[in-house]
Amino acid sequence: MKLTNNFNKSEFECKCGCEMPNEVFLQIQKLASQLQCIRDFIRLPINITNAYRCPSHNKKVGGVSNSQHILGKAADLQVNDSNPEAIYQVIDTLAEYGHVLQGGLGLYNTFTHYDIRKTRARWDKTKE
């Protein structure tokens, strides 16, 4: 199912294969629209490595119990030929100027985390 010009529902599904609850799907639709804004700005495909995670899969992969992934509000992103820090900076700037929703932004060695929690949160896990 196509959610935006460049994103399909399947990209946001839990990796365990469970069915996404309706309330989670509503959040995924909002998240997809924000990711489309980011993609339109950077003009490069975004690979979603992780989005919705059911509570059991979240626990299995070591996610925190209050993860935005469980709510369908988070995605971990990779962009070919761009490092995670560059994507982090782009999203931070877009959020600062109101082009995408303010939320959580995390920097990791191999991906950038973005979520739409409504409050600003920033972290850097590259040095751990």
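Me: Which ring face does Lys 9 lie over, and at what distance from the ring centre?
Reply: Lys 9 sits over the face of Phe 25, 5.2 Å from the ring centre. For a charge to count as over a ring, NZ of Lys or CZ of Arg must be within 6 Å of the ring centre and within 35 degrees of the ring normal. Please keep in mind that this is a predicted model, where local features need pLDDT of at least 70 and side-chain atom pairs count only at pLDDT 80 or more, while totals for chains, interfaces and linings use all residues. Residues are numbered from 1 along each chain as its sequence is written, and side-chain values use heavy atoms, with hydrogens and water left out.

Me: How many aromatic pairs does the structure hold?
Reply: A pair of aromatic rings is described by the distance of the centres and the angle of the planes. This structure holds two such pairs (rings of Phe, Tyr and Trp, the last by its six-membered ring, with centres within 6.5 Å; planes under 30 degrees apart are stacked, over 60 edge-to-face, the rest tilted). Phe 7 and Phe 12 make an edge-to-face pair, at 6.1 Å centre to centre with 65° between the planes. Both Phe 7 and Phe 12 are buried (under 20% relative accessible area; exposed is over 50% and partly exposed in between, with a 1.4 Å probe and protein chains only).

Me: Why is the pair of Tyr 108 and Phe 111 stacked?
Reply: The planes of Tyr 108 and Phe 111 are at 10° and the ring centres 4.4 Å apart, so this pair counts as stacked. Tyr 108 is partly exposed at 23% relative accessible area, whereas Phe 111 is buried at 18%.

Me: Which residues lie nearest the centre of the largest pocket?
Reply: Rolling a probe the size of a water molecule over the atoms shows where empty space is left. Here Tyr 108 comes up again, with Arg 53, Val 64, Ser 67 and His 69, as nearest the centre of the largest pocket, which has 17 lining residues. A pocket is an open set of points on a 1 Å grid over the protein atoms alone, where a 1.4 Å probe fits, with protein on both sides within 12 Å along at least five of seven lines; lining residues have an atom within 4 Å of a point. The largest pocket holds about 430 Å³ (the space filled by probe spheres set on the points, which are joined across faces, edges and corners). Its lining has five nonpolar, eight polar and four charged residues (Ala, Val, Leu, Ile, Met, Phe, Trp, Tyr, Cys and Pro are nonpolar; Asp, Glu, Lys and Arg charged; the others, Gly among them, polar).

Me: What is the phi of Arg 43?
Reply: Most residues other than glycine have a negative phi. Arg 43 is not a glycine, yet its phi is positive, about 60°. It lies in the loop between α1 (22-42) and β1 (47-50) (helices are DSSP runs of H or I, at least four residues, and strands runs of E, at least two, numbered from the N terminus). Arg 43 is exposed, at 72% relative accessible area. Asp 81 also has a positive phi, near 65°. The loop between β2 (74-78) and α4 (84-96) holds Asp 81, which is exposed at 84%.

Me: Which residues have the most contacts inside the largest nonpolar core?
Reply: In soluble globular proteins, nonpolar side chains tend to be buried together. In this model the largest nonpolar core has 30 residues, and those with the most contacts inside it are Phe 12, Leu 31, Leu 35, Ile 38, Ile 48, Leu 77 and Tyr 114. Such a core is a set of buried Ala, Val, Leu, Ile, Met, Phe, Trp, Tyr and Cys residues joined through side-chain atoms within 4.5 Å. α1, β2, α4 and β3 (104-107) each give two or more residues to this core, and α1 gives the most, with eight.
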